[in-house]
Amino acid sequence: MSDRKKKNIVELTRISAEEYRRMDKVPLAVLTDNVRSMYNIGSLFRVADAFRIDSMILAGISGRPPHPEISKTALGAENTVKWHGVDNAVDTAEEMKAAGWKICVLEQTHGSIDLADFRATPGDSYLLVAGNEVNGVDQRIVDMADVVVEIPQYGTKHSLNVASSASIALYVMSREIEKANK
């Protein structure tokens with residue numbers, strides 16, 4: 001028998017929602033700048049839960065729980081991940097920057113860095129800003145960013161779905177932040 005046998009549901013031994021809420025979180029939050037798809041928001045909740053992200057801030061037209069389309073993709077993570085809604089992503093990014101958060105924008109810009117080159121500083125907290133499915137992140141947030149990260153793409157398409165790209169970024173950034181804080 002192979003040692004690569006898939007784990008069954010009992011072997012996965014997930015923690016309870018209450019245990020999750022008490023866990024230390026990675027000092028990384030997500031700000032959704034007018035993300036219109038409820039399915040994308042739900043996916044981001046699920047990823048935020050998986051990587052112990054500090055919180056989600058849902059700005060502008062970004063959907064908010066409770067909503068059946070969010071629940072369908074979040075699978076309950078909307079009940080474990082700390083979140084709140086705000087009217088304006090630009091104001092929120094400014095406030096968080098003033099409070100000492102490093103603003104990291106996920107966008108394709110002149111001067112952006114490859115996500116693989118992102119490096120965290122020990123003790124810092126990071127805000128990843130993910131933008132609207134059509135227009136991306138508001139230029140005013142791009143302008144105030146401490147860093148703009150980009151996921152290089154080599155196919156015929158020039159962009160990824162916002163939930164897919166933010167998921168990749170959250171994975172890479174959370175690992176880098178945890179490594180820096182060890």
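Predicted model: local features only at pLDDT ≥ 70, side-chain atom pairs only at ≥ 80, totals over all residues.
User: Let's start with α3. What span should its 13 residues have, and how far apart are the end C-alpha atoms?

Analyst: Helix α3 covers residues 38–50 and should span 18 Å at 1.5 Å a residue. Its end C-alpha atoms are 19 Å apart, so the two values agree.

User: Which residues of α3 are buried?

Analyst: M38, N40, I41, G42, L44, F45, V47 and A48.

User: And what covers them?

Analyst: The cover includes helices α2, α4 and α7, along with strands β1, β2 and β3.

User: What caps the N-terminal end of α3?

Analyst: S37 does, with a side-chain oxygen 3.2 Å from the backbone nitrogen of Y39. After the helix comes R52, which has a positive phi, near 60°.

User: You listed α7 as cover. Where's S165, and is it buried or exposed?

Analyst: S165 sits in α7, which runs over residues 162–180. Its relative accessibility is 11%, so S165 counts as buried, the cut-off being under 20%.

User: What does S165 touch, leaving out residues up to four places away in sequence?

Analyst: L106, I151 and L160.

User: Switching to charges. How many salt bridges does the structure hold?

Analyst: Eight. One of them pairs E18 with R22, at 3.8 Å from N to O. Both residues are in helix α2, four apart, about one turn.

User: Why does a spacing of four matter in a helix?

Analyst: An α-helix has 3.6 residues a turn, so residues three or four places apart point the same way. In this model E18 is partly exposed at 42%, while R22 is exposed at 58%. R21 joins E18 and R22 in a salt-bridge network.

User: OK, what about K82, which residue does it bridge to?

Analyst: D54, with the closest N and O atoms 4.0 Å apart. K82 is in the loop between α4 and β3 and D54 is in strand β2, so the pair ties together parts 28 residues apart in sequence. K82 is exposed at 53%, and D54 is partly exposed at 22%.

User: And K97 with D146, what's the N to O distance there?

Analyst: 3.0 Å. That pair links distant parts of the chain, with K97 in helix α5 and D146 in the loop between α6 and β7, 49 residues apart. K97 has a relative accessible area of 31%, so it counts as partly exposed, and D146 is partly exposed too, at 41%.

User: Last one: which residues make the nonpolar surface patch?

Analyst: I9, V10 and L12, over about 310 Å². L12 lies in helix α1, residues 9–12, and is partly exposed at 31%.

Notes:
Residues numbered from 1 in each chain as written. Heavy atoms only, no water. Helix = DSSP H or I, 4+ residues; strand = E, 2+ residues; numbered from the N terminus. Buried < 20%, exposed > 50% of the residue type's maximum accessible area, 1.4 Å probe, protein only. Contact = heavy atoms within 4.5 Å. Patch = residues over 30% accessible without salt bridge, like charges linked within 9 Å, V, L, I, M, F, W, Y side chains within 5 Å. Areas by Shrake-Rupley, 256 points an atom, 1.4 Å probe, with all protein chains shown as cover. Salt bridge = Lys/Arg side-chain N within 4 Å of Asp/Glu carboxyl O. Expected span 1.5 Å × (residues − 1). Polar contact = N/O pair within 3.5 Å; in protein donor to acceptor, adjacent residues only side chain to side chain.
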